[in-house]
Amino acid sequence: MSAKAISEQTGKDFLYKYICTSAAVQNRFRYANVTAETDFDRLAKDHPWLLTERLVVKPDQLIKRRGKLGLVGVNLDLNGVQAWLKPRLMMETTVGKAKGILKNFLIEPFVAHKQEEEFYVCVYATREGDYVLFHHEGGVDVGDVDAKAQKLLVGVDEKITEEAVQKQLLTHVPKDKKSVLASFIVGLFNLYEELFFTYLEINPLVATKDGVYVLDMAAKIDATADYLCKAKWGDVEFPPPFGREAYPEEAYIADLDAKSGASLKLTLLNPRGRIWTMVAGGGASVVYSDTICDLGGVNELANYGEYSGAPSEQQTYDYAKTILSLMTREKHNEGKVLIIGGSIANFTNVAATFKGIVRAIRDYQVPLKEHEVTIFVRRGGPNYQEGLRVMGEVGKTTGIPIHVFGTETHMTAIVGMALGHRPIPTQPPAAAHTANFLLNSSGGSSTPASSRTASFSDNKATATSSPAKKPKTGTPAAKATNLFAKHTKSLVWGMQTRAVQGMLDFDYVCSREEPSVAAMVYPFTGDHKQKFYWGHKEILVPVYKNMADAMKKHPEVDVLISFASLRSAFESTMETMQYPQIHTIAIIAEGIPEAHTRKIIKKADEKGINIIGPATVGGIKPGCFKIGNTGGMLDNILASKLYRPGSVAYVSRSGGMSNELNNIISRTTDGVFEGVAIGGDRYPGSVFTDHVLRYQDTPGVKMIVVLGEIGGTEEYKICQGIKEGRITKPVVSWCIGTCATMFSSEVQFGHAGACANQASETAIAKNEALKEAGAFVPKSFDELGDLIKSVYDDLVGQGVIVPAAEVPPPTVPMDYSWARELGLIRKPASFMTSICDERGQELIYAGMPITEVFKSELGLGGTLGLLWFQRRLPRYACQFIEMCLMVTADHGPAVSGAHNTIVCARAGKDLISCLTSGLLTIGDRFGGALDAAAKQFSKAFDSGMLPMEFVNKMKKEGNLIMGIGHRVKSINNPDMRVQILKDFVKLHFPATQLLDYALDVEKITTSKKPNLILNVDGFIGVAFTDLLRTCGGFTRDEADEFVEIGALNGIFVLGRSMGFIGHYLDQKRLKQGLYRHPWDDISYVLPEHMSM
């Protein structure tokens, strides 16, 4: 959602901080907030003016007309305020249809003034600009300001001036106040623009000789502009509409939504209700709520919400478990139903999202059965068959009644089943597997292009694009009426390889001669080529860093598909419109600030460019062109017969619902001629009539379907077009959101534009107007398909439509990755791993989530235990590992590894090179004795050889005993590192048999030579072997295997790496130059001069 209401206190805070005006704004920041927890003594200390001034108190909870409702206490002292609050604070009251608790109040100074000093001012956004309303009589009895007020339209990108304000708004204002009010209104408007307000009303605005006073204020800001205004907004709290509580679960889902590229929404309507929904898609979520209310379930509807935009399995799990937790808190005597619905997804992997829901159902299976919950599922889209299978399977294994349906079932049919209005099929039709659509049963490898690139009902209609006509100077440019043709070429902004491959596969099944994607633009890499498939063969598509280069090298391109993020979509779109070759731009991003969208619209109108979006999946013209992910994957393209044109054109707001319309139209008519989803924002780049009028003028289109929505008034233009005879083709129309008028408090649906600000914007009012104008309007969305079929059959009967014979499309090979996803093929993996998994929501070390690693305070030793030994080691073992790393970290610059690192660093090499240089010296002679010592001592000990026998044997064979001997330390000058480790091991290890054996060997060797001690490498080797054998986490074979594969040397390598890095940094910090070894430290031994 974009436009969100803020509290009066927040709005005034913004105004007082940032307004720039010569008018003296009084009582800045003089307000105090009161709740049930307020300590009035403390409040008076924080705001001393409460004790000295007369006061006003009122609730600050988005309540309109507080004065008329008796909810404003005027001209009181602080004791009077407390007395006024006593019967109201935390009390339930009714405002309109909404019942709520009064729990947040605002105290401000009382401003004594005359009635003629009260004024009304309001600024609000529209598609064409921002209106400033002003009336010289403000206050409680202002009445119908729309009819009374003076209006000034400030067009997009235009500036407001004091002269214009005085001339058009202040005609009835006394002369002595005109200057002050004009300056304030200009400052207010600039503040409104700067802080991305969408609505700002002050009533009354009081102007006295002392200045201006903002008494009551209501405001909305564009929440999508948070990334632009964060520094000034701070952390804004958006209060819920009066009558609806703010639940922590809603805040939790909102937080998930903010951190995700997907869309996750949740609004609790009645937590005690028995009907719960978990719907995929913004448009679909509204349709399901409508149907529930139509069938009498409005009082039992517990929630509104949606998940869309390809959420991950973990995100879907978090969303589902929140809903399941809420619905299993209170029992209902009739049991409960959960409707897991959705339209046909365009790009969301249904199976992946359903896996998250299935996990949540398994976790809550006990409370779900206790609460007698029945689940109804209907979904379509990529891999939906597998999703439905796992959903049905979990019903069987848990015993929870789960009824599963696919695209063969009408989208909202499960609502009737859930509420008992429709029988539940005992054996629902089994939908074909995804793979079945990709196998050409006809045996033909291709289909003649001519039979599938013209309309079924008008084979002679040309499919050429009609370019925009060159405009006369000073007039808006004419826009192309035919957006796409079979030769349309496009640029794709963004590295959306999956979407591009989908477009190319669509092109191929439509028998296009060439791919529709000419090139891609991606500013974050250099120019290169990207590999894609064209049918069976691979092709290369150029990728450009710079849009200018792409346009210059591909003059045939006239369509841009922008997958730019919400932060960069505005700049990239404005740049695109500089190039006259572009006549259509599709903007996919959701969440672009409305002020930016309106600037895009204005520029596009001036340039004669068609805009589809923002917040859309795009559009499709069967047999010709599709935008990005529109129409879903290839199986849905084929199932909905989108590879060839039909006779029905549609326009919808919702992208997901556009795919549902593809399904409905393909099942009830000869198919789709063209379909566009204009997007769910308040100000889409193109509106319904833009496309309906194009369809009216397109010979191949024989009937039109419009799926409207609550909010806005664009549908009335269709009514006008029908009445005036401009639209003569049959129009079947339905506006979703009919449930909105049944709710007691305002609900913001999934689309930003799905909110009625007046009665004429409600779905019910628009449906009635469309029906009255002559459009075909069903009784509900449930009957939309039947009505489309009825109108189509009539046109066939009249001979207007002549259905053509169906011709199968060519076969398109399935991508390997998708075939594997569907379980159609198997292939041995190139790698196997058992220590780490990064694929889920969080990193997993040997089965332990990273959050648990930190909660358990495993430390570095415990982490190493997970990654090296796949075990959670006991605490003493983790400490021992960390001690080993500490004592092996460094042994001065003279040893070979450190020396190499230093020489390499002084040669100017980078960190990795220097570290590698040092590590390469590790071996049997330096540092690599841990494994060898462990193996030698273990073999001798395990074979029963006495320590003396072991020493004699090694001497006889001429072998060194690894881990024995030190260049500096001796029995008389012991190595304190070994002593520290020995004390710890003796204190904490369950047994030290191998260590004891090694110490006995040390006694023998030191008796011969005092420096033949058990050195730190040998000690760690034997002690670590004791640890593996006796800690209880390993079998004897496992312990020996770790020694055999070199795990112990890893301790020295890891520890000494810390020291090598230290030496590297030390040399760089000391700025040491290139090292050259001195001559006097080299013994030159050359062959004698050969004189003979």
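**Helix α29 and its surroundings**

Guide: Helix α29 spans residues 875-887, 13 residues in total, and extends 19 Å from its first C-alpha to its last, close to the 18 Å expected at 1.5 Å a residue; the expected span is 1.5 Å times one less than the number of residues. Helices (H or I, at least four residues) and strands (E, at least two) are DSSP runs, numbered from the N terminus. The model is a predicted one, in which local features need pLDDT of at least 70 and side-chain atom pairs count only at pLDDT 80 or more, while totals for chains, interfaces and linings use all residues. Residues are numbered from 1 along each chain as its sequence is written, and side-chain values use heavy atoms, with hydrogens and water left out.

Within α29, the buried residues are Y876, A877, C878, F880, I881, M883, C884, L885 and V887. Here buried means under 20% relative accessible area, exposed means over 50%, and partly exposed lies in between (1.4 Å probe, protein chains only). The cover over these buried residues includes α28 (859-869), α34 (976-988), α36 (1016-1030) and α38 (1047-1069).

Of these neighbours, α28 may be described in detail. The axes of α28 and α29 lie 7 Å apart and form an angle of about 105°; axes are lines fitted to C-alpha atoms, for helices over the stretch in contact, and angles run from 0 to 180 degrees between N-to-C directions. The two helices, α28 and α29, are therefore roughly perpendicular to each other, a term that applies to angles of 65 to 115 degrees, whereas those under 35 count as roughly parallel, those over 145 as roughly antiparallel and the rest as oblique.

On the α28 side, the meeting residues are G859, L860, G861, G862 and L864, and on the α29 side they are C878, I881, E882 and L885; contact means heavy atoms within 4.5 Å. By class, the residues of this contact comprise five nonpolar, three polar and one charged. Ala, Val, Leu, Ile, Met, Phe, Trp, Tyr, Cys and Pro count as nonpolar, Asp, Glu, Lys and Arg as charged, and the others, Gly among them, as polar. Of the α29 residues in this contact, C878, I881 and L885 are also among the buried ones.

As for the protein around this helix, its secondary structure amounts to 38 helices and 35 strands. The C-alpha trace spans about 115 × 90 × 80 Å along its principal axes. Of the 1092 residues in the protein, 55% are buried. Among contacts with a separation of 6 or more, 73% are between residues 24 or more positions apart.
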